[in-house]
Amino acid sequence: MAISLNWINDYVSVKDEDKVALANKITKAGINIEMVKDTAIDNLVVGEVLECTNHPDSDHLKVCKVNVGKDVLQIVCGASNVRAQLKVIVALPGCLLPDGDKKFEIKKSNIRGVESNGMLCALFELGLEEKTEETYSKGICELPSDAPVGENALEYLGIADTTYELDLNPNRTDCNNHIPFAYEVAAVLKKQVTLPDVSFKELDETIDNQVTLDVTTPNVYMYNLMIAKDVKIKESPKFIKHRLEVAGVRSINNVVDISNYVMLEYGQPLHFFDKDVVGDKIVVRMAKDGEKIITLDKEERDLIKDDILITDGNTPLCVAGVMGGLNSGITESTKNILIESAMFNPYNIRYTSIRLGLRSEASLRFEKPLNYEYCLLALKRACHLLEKYADAKIVKGSVSYDKVDKTPKVIKVTLKDFNSILGMKVEDNDVKVTLTNLGFTYHEENGEYEVEVPNRRQDIYPQKEDIIEEVGRLMGYDNIKPTLPLIRTKKGVYRDNIKFRKIVSKRMRTLGFNEIRTYTLISEEDASRYSYKFNTPIKLLKPMLKERSIIRQSLLNSIMEVVNYNLNKKNKDIYLYEIANVYSEVNNEYVEDTKLAFVMTGKYLSNTWNSLNYNTDFYLIKGVLENLLEYLGLTNRYSLKLSENLPKEIHPKINSEIIVDGASVGYFGKLHPNVTKEDIYVCELSLTSLFTHKTSDIKYSELNKYPTIEKDVAFVVDKSVLAEDLVKDIKACGGKLLTNIKIFDVYTGDKIEENKKSIAYNLTFEDKTRTLTEEEVMTIFNKIIDNICHKYNATIRDK
Amino acid sequence: MYNDEINKIKKELETAFNDITTKEALDAVKQVYIGKNGKVTELGSKIKDVPNEAKKEFGIGVNELKNIFNENYEKISKDLEEKIVNEKLNKEAIDVSLPGTHIEVGSAHPLERIIESLENLLMSMGYDVVEGPEVEKDLYNFELLNLPKGHPARDAQDTFYIKGDEYLLRSQTSPVQVREMLRCGGSEPIRIICPGKTYRRDEDDATHSHEFTQMEGLLVDKDITLGDLKGTFEEVAKMLFGEARETRFRPSFYPFTEPSVEMDISCFNCNGKGCSLCKGTGWITVGGAGMVNPIVLKNCGYDPNIWNGFAFGFGLERLAMLKYGISDIRTFYVNHDIRTLKDFDRREY
């Protein structure tokens with residue numbers, strides 16, 4: 001889809017404009033021109049072959065004498081259809097022909113000993129046709145015998161043109177059509193638009209007894225019919241064919257082309273019925289569910305009650321605004337035409353065309369609000385062109401249904417408004433000139449404007465900002481002076497738990513983890529993994545792919561995909577984390593949870609030259625987690641406990657649930673051997689939960705001035721006994737004088753029984769108010785030993 | 001009396017410390033002179049045989065010997081200690097050029113880096129950082145933002161709906177602005193930025209992603225102009241892409257702003273001359289913005305006759321792709337190779 005400047009020139013003069021500079025001006029005003037293409041080629045002329053003889057040294061080349069107007073040139077040609085008296089297209093030396101994205105220069109040359117001063121061209125060599133076997137076998141282009149020798153060949157063909165390819169904002173798709181675009185050109189060039197000729201002769205007979213119209217749905221806003229009689233179906237004139245081609249519309253025949261041509265002028269799609277097939281009655285109504293129609297493309301379509309249908313009272317003729325029926329359209333034998341120009345509810349057209357998968361140039365236009373003035377003008381313009389190029393005779397009058405509200409949009413705006421919103425200097429005169437250039441009428445009194453918006457500008461909402469934007473964009477936003485808002489100063493803060501999340505994120509990086517992001521949407525199967533306190537998952541109504549159909553509740557499956565990717569790449573030492581929101585459904589409410597997940601495998605700390613390795617193990621991931629929790633101020637408020645209820649992907653014996661203030665917030669552990677052969681450790685926890693555990697302010701505490709007494713003891717206990725349980729009991733027994741318990745050795749091996757382990761504790765006793773005596777410490781120490789030995793059936797090692 | 005002996009020992013002491021290289025040898029010398037049976041010690045004990053009138057002179061002579069000895073002894077002793085420490089240090093010498101042992105520094109995701117640099121700048125200008133849910137109401141994502149039902153942009157073609165037409169995965173971060181305006185109840189000025197994940201029905205390829213990241217800003221106050229928006233954008237552009245950047249606005253369209261603009265920066269690759277990065281235009285589009293549409297203000301409880309403001313939005317993947325020279329948008333979400341993540345493990349400013 002592109003705009004032809006030849007065509008634009010019919011409405012506003014652009015002949016003498018620099019086309020690239022013009023494109024830049026229009027783009028600056030907000031109608032974005034993506035590419036300027038020039039199809040004109042210099043040194044390409046109409047020539048006449050005067051003589052054509054065989055090349056002395058070739059069995060297929062011909063040596064021609066060609067009259068190019070100013071001169072007669074000798075040119076060697078290899079085409080099979082070259083002959084004397086033929087009118088041809090001649091590329092003179094210096095002519096630049098398109099060659100892909102580049103240019104190919106024609107030069108004087110010597111072909112097998114014979115001088116050649118140019119080239120006789122086929123259309124594909126000019127970039128006007130695709131190069132195919134068919135176009136190649138046609139040989140050089142044969143021009144009509146009355147083609148004027150010496151004239152520029154493309155200008156003679158009516159295809160020397162500059163085209164603009166557009167990338168429009170969705171509110172200005174009207175500019176895909178030449179008349180609306182011409183208004184933009186006129187606005188930037190400060191010129192006037194001349195609308196095309198819509199005059200025609202009318203027959204004496206009137207339309208009244210030839211067709212009746214009945215519209216039974218409010219989804220039709222306007223519906224007009226006219227009749228054109230005795231049309232002659234033939235090839236379209238060259239300029240119409242060229243212009244349709246620029247716009248990306250295929251030429252069919254003169255009549256069909258005219259309906260498209262008028263659409264590309266006004267943006268108003270037309271529909272032509274074969275009057276003799278349709279009969280004398282048109283009924284426009286909503287379709288019934290299950291009703292069927294065979295459309296132009298020979299497909300049977302199932303309709304629903306939201307489709308607007310054109311019928312002859314019984315038979316469906318056309319899915320309104322979307323596609324005509326197979327039997328009622330224009331054919332080679334059509335004589336009389338019923339012309340429809342209508343406006344429908346855009347939403348109906350949109351949903352019908354999407355549902356049927358039929359989005360056409362026409363339906364795309366009907367999906368936007370149309371201009372009733374153009375609806376009427378397009379009808380007349382079609383009659384004018386049918387009379388001119390299809391020998392049609394136009395029946396007097398039209399049949400119309402019209403429910404369009406024609407109240408003009410009037411907007412009040414003051415000069416002060418322009419200045420205060422645009423932030424640039426706008427004078428009275430600027431407003432007046434710009435509104436005039438835009439073709440907006442206005443009434444001004446003391447800097448107060450009443451602007452009437454032309455009906456063609458359906459994109460403008462009746463509020464002053466819309467007029468301010470129009471003036472601003474045409475005056476140019478480069479005139480805006482950058483300033484900063486003059487408002488009260490205040491500091492910006494991270495709201496809610498954002499800062500907390502950033503602190504966690506930075507800590508993870510400090511601990512050596514790389515941050516990653518993975519997709520929220522995953523497959524149902526993946527979403528079932530690492531299931532820990534999952535709620536009802538949220539599924540998309542219409543996923544694009546089943547791999548992206550559900551919102552995840554755990555980040556670990558996605559993180560593990562990244563781990564496996566790296567392992568495949570032989571990256572062995574992998575430390576990753578992700579923080580992301582997950583969502584689920586609880587009691588019909590959508591619940592958000594911010595998760596932190598991290599994974600560790602390989603060497604955490606290493607130096608290859610001295611064989612220092614600290615490989616990831618359970619105690620390292622535990623240490624990372626402890627480091628994080630203590631950094632967050634949760635020291636002494638969490639416990640990490642082996643759990644039986646973790647996801648099946650986690651090793652049942654090497655894991656911990658993370659309990660903070662008695663509530664579980666997540667877990668960590670080694671991956672189950674069923675999941676991976678590698679030693680991989682993972683952790684996932686809820687930052688949302690963690691954030692609810694507030695911490696207190698920091699308080700300085702004085703060191704104890706009195707000496708401490710330390711005692712060591714090693715208990716031999718069953719392997720199943722947990723070191724932490726002993727700590728608890730020692731603590732309970734030690735009372736408030738026992739201030740610190742450290743595990744300094746764990747031993748299993750041949751020096752003790754097979755199913756036993758030895759755990760050595762270092763106990764510190766102190767009192768901040770006095771010096772302790774050895775005797776009182778020993779009393780407590782012995783009490784602890786007795787207690788533990790009794791409760792755990794323990795013995796003291798090395799005693 | 002005993003003068004000869006004193007002089008003799010004095011003479012001996014002149015050479016007694018020669019060639020001493022060990023602590024042991026030094027101790028041996030000590031024994032010979034001032035040990036229990038040392039020469040000086042023994043001589044000193046003879047004072048009882050010295051007549052009273054000569055005792056003073058004798059005492060001075062012996063003391064002088066002791067002083068000579070101590071002086072020498074201390075000097076040699078100190079030299080020896082220094083020598084021993086030096087030998088120890090030399091023995092301990094290592095190759096300091098070998099690599100150090102350290103925990104690798106973790107890297108921030110490139111999007112997080114961009115987000116944080118924008119946050120730092122805009123928070124310093126008084127903007128709060130606010131977030132909102134990714135599972136969002138249609139009402140906030142579309143309806144109140146002047147995208148009524150049936151509007152092409154909210155089509156099921158483009159948006160992931162969750163339940164009927166009521167809930168969806170937000171297609172933009174703008175609903176956070178709506179939530180903030182509703183929260184403030186039409187009576188307080190607003191300055192917020194809202195970074196976050198957004199979703200659209202795009203097929204993933206080098207330039208499209210069904211999940212992407214936006215950061216929008218909203219300022220609602222009194223007498224705000226497009227110039228204020230331009231000045232604010234200029235700060236962002238210079239912070240991200242350098243002081244030499246120029247900025248421009250181009251007319252555009254968004255349902256929630258009026259007037260609407262595209263925000264361009266002069267190409268940092270060619271400084272505006274035109275290159276492949278800016279497709280020969282000298283300019284790169286980095287975001288969209290505009291003055292908040294009065295319809296939106298009204299929908300969210302603000303009287304447009306009193307309040308106005310601007311909103312802006314950036315696609316953060318696009319900013320990161322431009323800033324770091326990333327050519328495939330999928331880089332942000334899949335196939336994170338540890339080796340490329342390392343590129344982002346350092347400070348930049």
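Strands here are DSSP runs of E with at least two residues, numbered from the N terminus. One of them, strand S8 (residues 257–266) of chain B, is where you'll find Pro259(B), and a cis peptide bond links that proline to Glu258(B), with omega at about -5°. Keep in mind that this is a predicted model. Here's a quick tour of some other spots to look at.

**Nonpolar cores**
- The largest nonpolar core has 71 residues, and the ones touching the most other members are Ile467(A), Leu226(B), Phe249(B), Phe312(B), Phe314(B), Leu316(B) and Leu319(B).
- Zoom in on Leu316(B): setting aside neighbours within four places in sequence, its contacts are Leu111(B), Ile114(B), Ile115(B), Leu118(B), Thr213(B), Gln214(B) and Met215(B).
- There's also a second, separate core of 58 residues, with Val185(A), Ile240(A), Val255(A) and Leu379(A) among its members.

**A helix pair in chain B**
- Helix H2 (residues 23–34) and helix H4 (residues 52–91) of chain B pack at about 170°, their axes 10 Å apart.
- Angles over 145 degrees count as roughly antiparallel, so that's the label for H2(B) and H4(B).
- On the H2(B) side the contact includes Leu26(B), Val29(B) and Tyr33(B), while H4(B) brings residues including Phe69(B), Tyr73(B) and Leu80(B).
- Sorted by class, this contact has 8 nonpolar, 2 polar and 3 charged residues.

**Around strand S34 of chain A**
- Leu605(A) sits in strand S34 (residues 603–607) of chain A and is partly exposed, with a relative accessible area of 25%.
- Beyond its neighbours within four places in sequence, Leu605(A) touches Leu612(A), Asn613(A) and Tyr614(A), plus Thr101(B), His102(B) and Ile103(B) of the other chain letter.
- Compare Thr315(A): it is 290 residues from Leu605(A) in sequence and 81 Å away in space, C-alpha to C-alpha.
- In the loop between S34 and strand S35 (612–615) of chain A comes Ser611(A), which has a positive phi of about 50° without being a glycine.
- Ser611(A) counts as exposed, at 60% relative accessibility.

**Another positive phi in chain A**
- Lys533(A), also not a glycine, has a positive phi near 55°.
- Look for Lys533(A) in the loop between helix H16 (524–527) and strand S31 (550–551) of chain A; at 53% relative accessibility, Lys533(A) counts as exposed.

Methods. Residues numbered from 1 in each chain as written. Chains lettered and ligands numbered in written order. Predicted model: local features only at pLDDT ≥ 70, side-chain atom pairs only at ≥ 80, totals over all residues. Heavy atoms only, no water. Axes fitted to C-alpha atoms, helices over the stretch in contact; angles between N-to-C directions. Helix = DSSP H or I, 4+ residues; strand = E, 2+ residues; numbered from the N terminus. Parallel < 35°, antiparallel > 145°, perpendicular 65-115°, else oblique. Contact = heavy atoms within 4.5 Å. Nonpolar A, V, L, I, M, F, W, Y, C, P; charged D, E, K, R; others polar. Buried < 20%, exposed > 50% of the residue type's maximum accessible area, 1.4 Å probe, protein only. Core = buried A, V, L, I, M, F, W, Y, C linked by side-chain atoms within 4.5 Å.
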